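Here is a short report for a reader meeting this structure for the first time. Please have a look at the sequence and the model before reading on.

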Amino acid sequence: MTLQLVLLVAAALFAVGLYGAISQQVVVMVMMGLEVMVNAVILAAGAMWWFLAPDPTGQVLLLVVLAAMTVEMAMGFAVATLLHRHRNSDMTDSATDLAR
Amino acid sequence: MLVDVSFWVLGIVAVASAALVFVVDSMARATYALALSFIAVGFVLVLMQQNYVGVVTVLMMLMEMAIMAVYMVMYMGMNPALMPMSMVHDKRSALGVAVATFLVLGSGALFVDWPVRRGVPAPDVTAALGEALMGPQMLVMVVVSPVMVATIVGGVVLAAHRTRYDRFGDDLDQRPPRDPQRGGVGR
């Protein structure tokens, strides 16, 4: 297990998540894509910490990433609920009001 | 040796189950595949001695995915285990972007001249993290806490069906409030 290998796995995870976030039509599936991307960030940050600078303060960044993921999840579900309530739909294509 | 084998197994499980999320025909299975991916990443973190963050990732994501499965069933309005589905748009360009991103990030990971390790980990990494959070890094927790509270408030406001403006009017002076069913004794 080396830094390069862990970062390679993280890159693969990020790419998979990016594919999901771009291609999916259902809001909750888009959120799943974003979650996979954040998952990759957690893995990469953990590897950086362990292989480059295992100082205790570096791990705090991982906790911040986890908190950001929680916020993303909670607000995403709230917006999905709002969308479902007002438009009876869970597709991104029905929420393109700001798109040109 | 054992660490290397575990890393390969967990890494392959993490990427494969993340890919399965967008392949399987069922929302429920997609949710559990994502949970598996998070669990694998959590255990890779444990392999790198980050026991606290790894276990928190596993526990948090298990709960989150359990909630997510319920949301899936609520919103999709169909049997989440039986209905084949493919709800994607512009699949080809999305695949192109994903592959290009992997090539750029992967080549960066392999070809960048990474610096050598500075310092050694504390004997008890979890205790050191706790001391950092309660000491020099406390500002992080002080900032994260109100953000979490704001998230709770924002989530409830966004998702609430009826708010006080629906009940009391735009100027909040409607008395009695407009409720679907009047409250109180003898209604």
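## Confidence

This is a predicted model. The predictor gives the complex an ipTM of 0.89 and a pTM of 0.87.

Chain A has an average pLDDT of 88, and 99% of its residues score at least 70. Chain B averages 86, with 91% of its residues scoring at least 70. Helix α1 (residues 3–23) of chain A has the highest value, 94. The lowest, 87, belongs to α3(A).

## Chain A

Chain A has three helices and zero strands. Along the sequence the pattern reads α-α-α. The radius of gyration of chain A is 17 Å, whereas the globule rule gives 13 Å for 100 residues. Chain A is therefore more spread out than a compact globule. The C-alpha trace of chain A spans about 50 × 25 × 20 Å along its principal axes.

Of the 100 residues of chain A, 53% count as buried. Contacts in chain A between residues at least 6 apart in sequence can be split by separation. Of these, 51% join residues at least 24 apart.

## Helix α3 of chain A

Helix α3 of chain A covers residues 58–87.

The buried residues of α3(A) include Gly58(A), Gln59(A), Val60(A) and Leu62(A). Further along, Met69(A), Met73(A), Ala74(A), Gly76(A), Phe77(A), Ala80(A) and Thr81(A) are buried as well. After α3(A) comes Asn88(A), whose phi is positive, near 55°.

## Chain B

Chain B contains seven helices and zero strands. Its pattern along the sequence is α-α-α-α-α-α-α. The radius of gyration of chain B is 24 Å, well over the 16 Å that the globule rule gives for 187 residues, so chain B is more spread out than a compact globule. Taken along the principal axes, the C-alpha atoms of chain B fill a box of roughly 75 × 50 × 30 Å.

Buried residues make up 23% of the 187 residues in chain B. Among the contacts in chain B with a separation of 6 or more, 48% join residues 24 or more positions apart. The domain assignment of chain B gives domain 1 (1–82) and domain 2 (125–181). The C-alpha centres of domain 1 and domain 2 of chain B lie 28 Å apart.

## Where the chains meet

How many residues does the contact take from each chain? Chain B gives 69 residues, and chain A gives 58 residues. On the side of chain B that touches chain A, six helices each supply at least two residues: α1 (2–21), α2 (27–47), α3 (51–76), α4 (91–111), α5 (125–134) and α6 (138–159). The largest share, twelve residues, comes from α4(B). By class, this side of chain B has 48 nonpolar, 14 polar and seven charged residues.

## Helix α1 of chain B

α1(B) has 20 residues. From its first C-alpha to its last, α1(B) reaches 28 Å, close to the 28 Å expected at 1.5 Å a residue.

In α1(B), the buried residues are Leu10(B), Gly11(B), Ala14(B), Val15(B), Ser17(B), Ala18(B), Ala19(B) and Val21(B). What do the buried residues of α1(B) pack against? They pack against α1 and α2 of chain A, together with α2 of chain B.

## A closer look at Trp50(A)

Trp50(A) lies in helix α2 (residues 27–52) of chain A. Is Trp50(A) buried or exposed? Trp50(A) has 22 other C-beta atoms within 10 Å, so Trp50(A) is buried; the cut-off for a buried residue is 20 or more.

Trp50(A) and Leu3(A) are 47 residues apart along the chain, and their C-alpha atoms are separated by 8.5 Å. Trp50(A) also has contacts in the other chain. Not counting residues up to four places away in sequence, Trp50(A) touches Met48(B), Gln49(B) and Gln50(B).

Notes. Residues are numbered from 1 along each chain as its sequence is written. Chains are lettered from A and ligands numbered from 1 in the order in which they are written. This is a predicted model: local features need pLDDT of at least 70, side-chain atom pairs count only at pLDDT 80 or more; totals for chains, interfaces and linings use all residues. Helices (H or I, at least four residues) and strands (E, at least two) are DSSP runs, numbered from the N terminus. A residue is buried if 20 or more other C-beta atoms lie within 10 Å of its own, exposed if 12 or fewer, and partly exposed in between; C-beta atoms are placed from the backbone. Two residues are in contact if their C-beta atoms, placed from the backbone, lie within 7 Å. pLDDT is the predictor's confidence in each residue, from 0 to 100. Domain bounds come from an automatic or database domain assignment. The expected span of a helix is 1.5 Å times one less than its number of residues. Ala, Val, Leu, Ile, Met, Phe, Trp, Tyr, Cys and Pro count as nonpolar, Asp, Glu, Lys and Arg as charged, and the others, Gly among them, as polar. The radius of gyration is taken over C-alpha atoms; the globule rule is 2.2 Å times the number of residues to the power 0.38.
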